[in-house]
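Hi there,

Here is the structure I promised to pass on.

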Protein chains: 2
Amino acid sequence: MTKLAVSPLAPDRFPDLPVIEGVAFATVAAGIKYSGRDDVMLARLAPGSSVAGVFTRSATRSANVLDCQAKLVNSHTDGAAIVVNSGNSNAFTGKHGDGSVAAICAATADALGMPPGSVFTASTGVIGQRLPHDRITSKLNDLVNGLSPNGIAAAASAIKTTDTFPKGASTQLDIGGKPVRIAGIAKGSGMIAPDMATMLVYIFTDAQIGQTDLQGLISNLNDQTFNCITVDSDTSTSDSLMVAATGTSGVDVTGNADFADALHRVMLDLAHQVVRDGEGATKFVTVRVTGATDDADARKVAMATANSPLVKTAIAGEDPNWGRIVMAVGKSGARADRDTLSIRFGDILVAENGWVSETYTEADGAAYMKQQALDILIDLGLGNGESTVWTCDLTHQYITINADYRS
Amino acid sequence: MTKLAVSPLAPDRFPDLPVIEGVAFATVAAGIKYSGRDDVMLARLAPGSSVAGVFTRSATRSANVLDCQAKLVNSHTDGAAIVVNSGNSNAFTGKHGDGSVAAICAATADALGMPPGSVFTASTGVIGQRLPHDRITSKLNDLVNGLSPNGIAAAASAIKTTDTFPKGASTQLDIGGKPVRIAGIAKGSGMIAPDMATMLVYIFTDAQIGQTDLQGLISNLNDQTFNCITVDSDTSTSDSLMVAATGTSGVDVTGNADFADALHRVMLDLAHQVVRDGEGATKFVTVRVTGATDDADARKVAMATANSPLVKTAIAGEDPNWGRIVMAVGKSGARADRDTLSIRFGDILVAENGWVSETYTEADGAAYMKQQALDILIDLGLGNGESTVWTCDLTHQYITINADYRS
């Protein structure tokens with residue numbers, strides 16, 4: 001396929017990510033599918049690290065995901081590694097897929113001198129084609145020799161598939177006068193929907209926190225970030241979020257609210273970047289629902305709106321077609337009442353009391369829709385339930401990418 | 001907007017529909033939104049008719065739908081009428097919408113000499129704009145004067161919105177040596193998904209059957225026909241299916257299986273025509289799921305596949321990307337097992353035992369996808385649950401229609 005233009009919603013540049021002591025990265029061009037670019041990344045985590053993860057709930061999830069889930073129940077305080085390839089998802093490849101995962105883990109363990117049970121893998125790309133894992137295992141010595149604390153930006157690029165830009169985010173906070181750093185990378189642009197909406201995300205911190213606490217924290221934060229984004233309502237067989245805490249800052253963050261806030265910011269930033277790279281996206285859309293009977297109903301309305309092809313095409317056409325939002329509310333399955341429902345585009349009151357607002361003009365709505373970032377606010381007027389999700393528009397380019405490209 | 005080309009999946013021509021004794025039709029150009037075409041239809045049902053209906057379950061359904069639902073609980077054996085306009089859905093128009101329905105019913109009742117409680121209405125088109133019902137009521141005398149038993153084809157055209165062809169279907173059967181006729185019309189092309197997937201459907205028969213029995217019959221048949229089609233997963237605020245039995249054949253069909261079969265055929269034919277006119281459709285796709293734990297799980301898989309943007313764009317691109325079907329199975333929420341799952345394109349075995357079939361070739365798959373009618377067969381290998389749904393592909397034309405057109 002021809003190279004895709006960078007999303008108009010992309011950040012200006014890849015951010016400067018801080019070095020996380022205890023983590024080293026390397027990338028290599030293994031020629032899995034793409035040529036002329038690195039397509040495998042290795043991250044090595046120092047002894048003393050905690051590793052936690054959240055994965056797709058797909059019933060057809062990949063061999064890699066199943067392997068990671070099995071391994072996470074064990075402790076990895078003697079160090080661990082993460083190996084990720086792009087270009088082939090190793091999903092629905094039967095026993096061959098299980099074999100590929102075992103081969104990559106064995107070779108990585110060998111090269112790094114750690115047990116295979118401490119090696120986590122992910123594969124992303126086309127489904128159902130046998131992974132040529134020899135191309136990865138034959139490059140492992142190169143990868144190990146290339147390990148560097150400064151390699152995270154190259155890693156962000158190596159894990160891309162249809163992504164038009166690499167995704168990174170970081171933050172630093174002070175806890176008791178000592179600095180704690182968090183840096184993460186992500187890939188994902190199509191087949192994006194809960195559960196869970198990540199494609200691949202790797203976050204590293206030098207904070208000190210036990211595995212169980214870290215796992216509880218990221219499961220909770222995942223529900224507020226990656227599980228609140230949707231590009232096309234399709235759920236990947238490979239989605240993985242892993243967070244590693246090396247403890248090298250010497251700061252124990254167990255139960256620390258400031259650390260949780262900081263990690264939430266990094267996860268939300270990466271989640272938003274995935275939406276901003278949504279296949280064909282030209283608009284970044286926040287759908288916020290309030291006044292629902294409960295949070296679950298609010299989420300139903302938010303997701304029905306964010307996934308509606310008719311709402312998403314109207315946004316693509318910069319058409320303030322709020323009637324389609326009414327349709328989405330109606331089909332969501334949530335309790336709703338025409339006469340208590342109100343709809344706003346940003347600060348513009350569009351509809352209330354069962355009809356279009358007296359103050360609303362089509363000209364105001366049309367002008368609002370020309371913006372690149374849009375807020376759709378839906379109040380059901382029934383209770384205190386609320387939910388916010390993020391999505392993008394549905395454009396010709398989405399069709400072009402997905403009708404013509406074997407992803 | 002420019003006039004849409006007729007769907008490549010359209011039938012060669014509108015069928016010859018039999019006259020149903022006891023039903024008369026008229027149409028008129030009221031100028032609700034469209035110019036140069038009829039946009040209102042009136043159907044008058046003779047005394048002795050039974051009327052039954054099934055409607056959208058949308059929480060934001062239109063004033064017309066709410067009014068029809070309230071009226072159907074009463075008997076209409078003194079005759080009834082159906083008035084339908086295109087170009088404006090009268091949905092989410094607050095108290096004004098209720099007023100428009102009341103005004104149309106009152107004027108129709110007056111012109112036909114029947115109580116307003118026997119007049120059913122439907123409106124289809126843009127949501128949230130006040131219906132200029134005066135344009136309809138001022139034409140009622142013209143409509144009544146134009147009533148004819150032969151007007152059903154004109155009625156099918158008058159109720160179109162983005163439809164590229166009028167939809168009609170009929171059948172005739174002999175019961176005890178006497179002929180019984182069924183003829184129906186439908187409109188719908190976008191915002192098509194259960195519940196229920198019809199947009200507007202009106203079916204007439206000269207069979208004799210009580211209201212309660214007719215209602216039970218069509219509710220059941222609706223679950224096997226209109227509730228099994230999806231174009232874009234969006235659910236209309238106006239969907240209505242009404243069936244009227246005039247009894248003029250003198251043949252009591254209560255509990256008659258042949259009549260049920262015949263009515264099922266007509267309903268399925270119309271449902272398929274709605275899919276064939278799916279916005280931008282170039283492929284007619286049957287998704288059949290077998291071997292599920294139960295029918296509900298089978299339906300989850302069928303609908304997840306039929307609604308997946310990634311599956312639908314692959315079909316549009318004639319790409320035998322069966323990996324995306326695996327993805328859809330996985331995300332459906334149904335119980336599935338990689339190693340018992342099999343996938344077929346028509347007679348071609350694509351995948352089994354957790355991977356691509358040894359006999360499958362990409363060339364076979366690619367050749368199959370070039371056909372206009374495609375069968376995707378998914379066997380989960382777990383139980384006896386099954387489900388069949390019908391859908392179309394997702395093309396550039398869908399985006400063009402919906403990004404540029406205020407439907």
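Buried here means under 20% relative accessible area, exposed means over 50%, and partly exposed is in between (1.4 Å probe, protein chains only). Helix 10 of chain B is thus mostly covered, with 8 of its 9 residues buried. After this helix comes B:Gly333, whose phi is positive, near 90°. Helices (H or I, at least four residues) and strands (E, at least two) are DSSP runs, numbered from the N terminus.

A word on conventions before the rest. This is a predicted model, in which local features need pLDDT of at least 70 and side-chain atom pairs count only at pLDDT 80 or more, while totals for chains, interfaces and linings use all residues. Residues are numbered from 1 along each chain as its sequence is written, chains are lettered from A and ligands numbered from 1 in the order in which they are written, and side-chain values use heavy atoms, with hydrogens and water left out.

Now the two chains together. Chain B can be laid on chain A with an RMSD of 0.0 Å by a turn of 180° and a shift of 0.0 Å along the axis (superposed by least squares on the C-alpha atoms of residues with pLDDT of at least 70 in both). The two copies are therefore related as by a two-fold rotation axis. In chain B, the C-alpha of B:His396 is the nearest to the axis, 2.8 Å from it. Both copies use the same surface: 100% of the contact residues of chain B recur in chain A, contact being heavy atoms within 4.5 Å.

In chain A you will find an open sheet of 4 strands in the order 1-2-4-5, with mixed pairing; two strands pair if DSSP finds at least two bridges between them. Strand 1 (23-28) and strand 5 (119-126) of chain A each have a single partner strand, so one side of each is left without a neighbour in the sheet. From one strand to the next, the twist averages 15°. Strand 1 of chain A runs antiparallel to strand 2 (residues 40-45) of chain A, and 6 bridges join them. A:Ala24 has A:Arg44 in strand 2 of chain A as its bridge partner. Helix 2 (residues 94-112) of chain A packs on the sheet and touches strand 2, strand 4 (80-88) and strand 5 of chain A. The direction of helix 2 makes about 135° with that of strand 5 of chain A (axes are lines fitted to C-alpha atoms, for helices over the stretch in contact, and angles run from 0 to 180 degrees between N-to-C directions).

A:Glu318 has a phi near 55°, a positive value in a residue other than glycine, and is found in the loop between helix 9 (309-316) and helix 10 (323-331) of chain A. At 26% relative accessibility, A:Glu318 counts as partly exposed.

Finally, an unreviewed UniProt entry has a "binding site" annotation that covers A:Thr161, A:Lys187, A:Thr198, A:Glu279, A:Asn402 and A:Ser407. UniProt positions are given in the numbering used here, feature names are shortened, and annotations may be inferred rather than shown by experiment. Of these, A:Lys187 lies in strand 7 (residues 178-187) of chain A and counts as buried at 1% relative accessibility.

Best wishes
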